[in-house]
Structure formats: structure tokens, C-alpha cells
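Subject: Structure handover and notes on helix packing

Dear colleague,

I am passing on to you the structure below, together with some notes on what I found when I went through it. Please have it open while you read.

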Amino acid sequence: MKRLDLRSDTVTQPTSAMREAMANAPVGDDVYGEDPSINALERRVAEMLGKESALLCASGTQSNLCGLLAHCRNGEEYIVGQEYHTYRYEGGGAAVVGGIVPQPLEVQATGTLDLDLLVSRIKPDDPHFPITRLLAFENTHAGQVIDQDYLNKARRIADQHGLSMHLDGARLVNAVVASDRSFSELAAPFDSVSICCSKGLGAPVGSLLVGSNALIAKARRWRKMLGGGMRQAGVIAAAIDHALDNHIERIKVDHDNAAWLAAALAEIGQAHDFSVRPVQTNMVYLDLPSAEVGASLQRYMAAENIIVPAGKTLRLVTHMDVERAELEKFVTHLQKFYANN
């Protein structure tokens, strides 16, 4: 029986057509700049996001870290959301590797930072303080598309204070599809953008960092230091190239499935003391009465070959390997769970 995995959109399997593209990819030594598939992909993604240059990295953690290190030196500071990945979920790499000081702010319900508070946290030119150098944002955040007017306002603040801006666009493709805006429009306020290809796009591995020629040259040096210099990695580029050709428009299916699932679960929740947050992209959040309920639900679903996370807040993620019929079965099993508990 096929397993239904709703933990993340990182669990997708490459399609047969993607595997064929990988098998037939022309390759070379990328450290020497000689892999034609990677060179073509980097040019394509840079142009797609309206930037001068791009760098293929092994992961979103690596592309984000290369971006932060290219912007900031040790003793300099980036202002970031408390729940953003570049602060909370990537091992503290900016501080550990680069000596970069994070200034975290609480993330608002909309996935944004309070810009008045942000301005108040920009440090004055004083030897007592680290030098504020960078603002770091995330789009999408917890499945929410960040308002473009907000990001444009943040850009004006950055310009007023001589700061740069970095975007963790791990799910930028979801933001593009949900907002009906172009990649270049969403990337425009930022000096650098990291875009992950192993989530909604369905590639097995790879993220790209885009920015100016000068910034990407710095990032390429950092990537080498981090062990990210790849050789015949055109097979990775071919998978991403295939995804860009074939998997962007279909992401709307993931969003529609998430909206359907949220509506179905909200109906159950009215009778069973859990709530469902509004859905914009491919993530459905359930707020359960307790973590114990979440753990019990996880065990119950595992027995039905359905994989979900545990906890008081349950994140369910739709992706290209999830079909509507499987979600209908999940809803049925959830009803059975509550009927028996």
C-alpha cells in the first residue's frame, strides 16, 4: 500500500521523466566552471529572478549561509525573524562559521516583522555594538505569502540605513503561484535570494543563490570553503531544469488540495476541539488541544501507513506525490480517530 507522507514537500520522489533528464545530462567539472548543465541553469535562474548571477548549492541551508557570509563579516549583524530558518533552523551557521551576530525579532501572525521595531533595532555607529549590515526575510513563511507592499517598504528602510536585504525563498515558487506575480517581481526588493528546488518543484536536491556578480563571486568562494564545490553535478542541474519546465504550473494543484483539506478538517474540528488556520499555499496547520493528542494521532495514522508530525501544532504539507483521493482517506481516518477517542 502506498504510504501517504504529509510531513513536508521535501519527501517527493523524482519522476521518471526527471530521472531520464538526469541520466542524459551533459556534465563537466563545475569547480573549473566547465559543467554545461550547471552553467546553463545558473544563467536561467539568474535571469528568471532578475539578477546578474546565480550559484547552485547543495541545499537551502548552504545557499542561505553563502548569502549571509557574502553580505556580512564577523562582528557584523543581520536582523532576522525569530522563527525564520536563517536564524532558528539552520544550525546557527552564520554565527558559528562567519561570526555574524543575529538580531532576532518576533514574527507577526502575517509572517512579517514589525518594521518600526526593526528600525529601532538598527544599531548606531558605536564601537559598543555590532554593525548592522543586513535584513533577512522569508517568503513564504509557514505557508503564508508575504505582502509585496510590505517588502517594498522594508527595501526603502534598508536603503535609508545603508543596509542590504536577503530573502530565504525556499518556497518562493509557491509564493509566485499563489500571488500570480513573477519571480523577478518577488525578488526585486532583495540583493540576494535563495530559492530551493527540492520542495514544491520536486527535484531531489539543490538550491540556488542569486544576486549581483560581485556578491555571487564572494558566495562561490564561501561555497568552496563549506565543501560545496561540486564536480560532475550537471545531473542535479538537469533535474532542476526539468522541474522548472514542467512542475511550476502544477503547484496550483498542491494549493487547491491544501485548501480542500483545510475545509474538510475545519468541519471536523468544530466538533472535536481543534482549529485550522487559514491556508494560502500548500501548508495546513492544525492547532490541537495538547501535544499528547498530536502524539496519539501520529501513532494512529502510522498504523494506517500515513505519516504526519507530532506536537500540539500539526503541519500538513501537500505536494506532487499527494493525490486528492489520498487526502480523502486521511480525512476518513481522522474521523475514525476521533470516533474512537
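At roughly what angle do the axes of helix α8 and α12 cross, and within what distance do they come? Before I answer, please keep in mind that this is a predicted model. The axes of α8, which covers residues 172-179, and α12 cross at roughly 80° and come within 9 Å, and that makes α8 roughly perpendicular to α12, since angles from 65 to 115 degrees count as such. In this contact Val173, Asn174, Val177 and Ala178 of α8 meet Ile251, Lys252 and His255 of α12, and by class the residues involved are 4 nonpolar, 2 polar and 1 charged.

The packing of α12 with α14 has another geometry: these helices meet at an angle of about 10°, with their axes 10 Å apart, and they are therefore roughly parallel to each other. On the α12 side the contact includes Trp260, Leu261, Ala264, Leu265 and Ile268, and on the α14 side it includes Leu327, Phe330, Val331, Leu334 and Tyr338. Taken by class, the residues of this contact divide into 10 nonpolar, 3 polar and 3 charged.

Helix α14 itself runs over residues 324-339, and its 16 residues reach 23 Å from the first C-alpha to the last, close to the 22 Å expected at 1.5 Å a residue. Its buried residues are Glu326, Leu327, Phe330, Val331, His333, Leu334, Phe337 and Tyr338, and because they fall within an arc of 165° when seen down the helix axis, they line one face of α14. As background, an α-helix has 3.6 residues a turn, so residues three or four places apart point the same way. The face of α14 turned away from the buried side carries the exposed residues Lys329 and Ala339, while what covers the buried residues includes, besides α12, the elements β1, α13, β11 and β12.

Finally, there is helix α7, which spans residues 148-160; at 1.5 Å a residue its 13 residues should span 18 Å, and its end C-alpha atoms are 19 Å apart, which agrees. The buried residues of α7 are Gln148, Tyr150, Leu151, Ala154, Arg155, Ile157 and Ala158, and they pack against α6 (115-121), β5 (131-138), β6 (164-169) and α9 (183-187).

Note on methods. Residues are numbered from 1 along each chain as its sequence is written. This is a predicted model: local features need pLDDT of at least 70, side-chain atom pairs count only at pLDDT 80 or more; totals for chains, interfaces and linings use all residues. Side-chain values use heavy atoms; hydrogens and water are left out. Helices (H or I, at least four residues) and strands (E, at least two) are DSSP runs, numbered from the N terminus. The expected span of a helix is 1.5 Å times one less than its number of residues. Buried means under 20% relative accessible area, exposed over 50%, partly exposed in between (1.4 Å probe, protein chains only). The arc is that of the directions from the helix axis to the C-beta atoms. Contact means heavy atoms within 4.5 Å. Axes are lines fitted to C-alpha atoms, for helices over the stretch in contact, and angles run from 0 to 180 degrees between N-to-C directions. Angles under 35 degrees count as roughly parallel, over 145 as roughly antiparallel, 65 to 115 as roughly perpendicular and the rest as oblique. Ala, Val, Leu, Ile, Met, Phe, Trp, Tyr, Cys and Pro count as nonpolar, Asp, Glu, Lys and Arg as charged, and the others, Gly among them, as polar.
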